[in-house]
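This report is written for a reader meeting the structure for the first time. Please look over the sequence and the model before reading on.

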Amino acid sequence: MSKVFIFEHPETLYEQCARRILQLAREVLATQERFHLALAGGGTPRELYRLLSAMSEAPEWRRFEFYFGDERHVAPDHPDSNYLMAKETLFAPLGIADSAIHRIPGELEPSAAVEHYLKDLRNVPHLHQLPRFDLVLLGMGADGHIASLFPGSPLLQEKVVPFGASYVEKLDSWRLSLTLPALNNARHLILLVSGEKKADIIRHVMQGHRNAMPLPVELLEREHLEWFIDREASHLLQEKEEAWPSA
Ligand code: 6PG
């Protein structure tokens, strides 16, 4: 069963999510040398990363290995680059060493980018022949996509390979993404959802729907999943709604 935390304001959402991330990092770093984290892209995590980079009680950042859940098919200095967003809000302010940043090379042809990242993912400790991230941060699109796994994506059928590329018709662009086997192999998953634009999809997912096909977000293992949602994104939920119908 996933845990759902709802916060009145985005500021509290980000602050509590940042604290949870640092708490998980401390727990993991108490028993292993490195904390392997896959970052979310898009716009929602921007404020979260800014906050994280300013939190003095953070554990030793030098023991973090930063990966990405997905990337656009763009160069690292392109405004759409998830890497650039994380560099501006987190890596640069914290002075993270390049060696601890595992960027998805979105500038390469998709197949070359996949080959490159599959090699880099070998640096993540493995479980069941898959990279096992200590934490994967995710956002969610208004269509229920997570990372770059969009509804109908062939990548949703991938059961073995942890990373792949898919052409996203509605974006008219290639996307590079961890696949469900990699996401669901993580020790912890945090889904950060903020704003009125996500209210419909939150209600759709949390209260169940008649669609035959499950949405990508609904294919996440619930056992290690924590939702961090603000009031704007959750205001359509009926009071005391059972978060995400039990399996
Ligand atoms: C990306 C993200 C994607 C994002 C959702 C939500 O590369 O865009 O990884 O999965 O989390 O699209 O995006 P917003 O946070 O901008 O609403």
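The sections below describe a sheet, a helix pair and a pocket in this predicted model.

Strands pair through backbone hydrogen bonds, in either a parallel or an antiparallel way. Here, three strands make an open sheet in the order β4-β9-β8, and the pairing is antiparallel. Because β4 and β8 lie at the edges with a single partner strand each, one side of each has no neighbour in the sheet. From one strand to the next, the twist averages 20 degrees.

Helix α4, residues 110-120, packs on this sheet and touches β8 and β9. The direction of α4 makes about 155 degrees with that of β8.

## Strand pairings

Strand β9 covers residues 173-178 and is joined to β4 by three bridges. In this pairing, Asp70 is opposite Ser177 of β9, and Arg72 is opposite Arg175 of β9.

On the other pairing, six bridges link β8, residues 163-168, to β9. Arg175 of β9 is the bridge partner of Ser166. Strands β8 and β9 form a hairpin, with four residues between them. Within the turn, Asp172 has a positive phi of about 50 degrees.

## A pair of helices

Helix α2 spans residues 45-54 and helix α3 spans residues 82-94. Their axes are 9 Å apart, and the helices pack at an angle of about 5 degrees. An angle under 35 degrees counts as roughly parallel, and α2 and α3 are therefore roughly parallel to each other.

On the α2 side, the contact is made by Pro45, Arg46, Tyr49, Arg50, Leu52 and Ser53. The α3 side contributes Met85, Ala86, Glu88, Thr89, Leu90, Pro93 and Leu94. Sorted by type, the residues of this contact are eight nonpolar, two polar and three charged.

## The largest pocket

Rolling a probe the size of a water molecule over the atoms shows where empty space remains. The largest pocket has a volume of about 400 Å³.

The elements giving two or more residues to the lining are β4 (70-72) and β7 (135-138). By type, the lining of the largest pocket divides into 11 nonpolar, nine polar and five charged residues.

Technical notes: Residues numbered from 1 in each chain as written. Predicted model: local features only at pLDDT ≥ 70, side-chain atom pairs only at ≥ 80, totals over all residues. Heavy atoms only, no water. Axes fitted to C-alpha atoms, helices over the stretch in contact; angles between N-to-C directions. Parallel < 35°, antiparallel > 145°, perpendicular 65-115°, else oblique. Contact = heavy atoms within 4.5 Å. Nonpolar A, V, L, I, M, F, W, Y, C, P; charged D, E, K, R; others polar. 1 Å grid on protein atoms, 1.4 Å probe; cavity = no way out; pocket = protein on both sides within 12 Å on 5 of 7 lines; lining within 4 Å. Points joined across faces, edges and corners; volume = space filled by probe spheres on them. Pairing = 2+ DSSP bridges.
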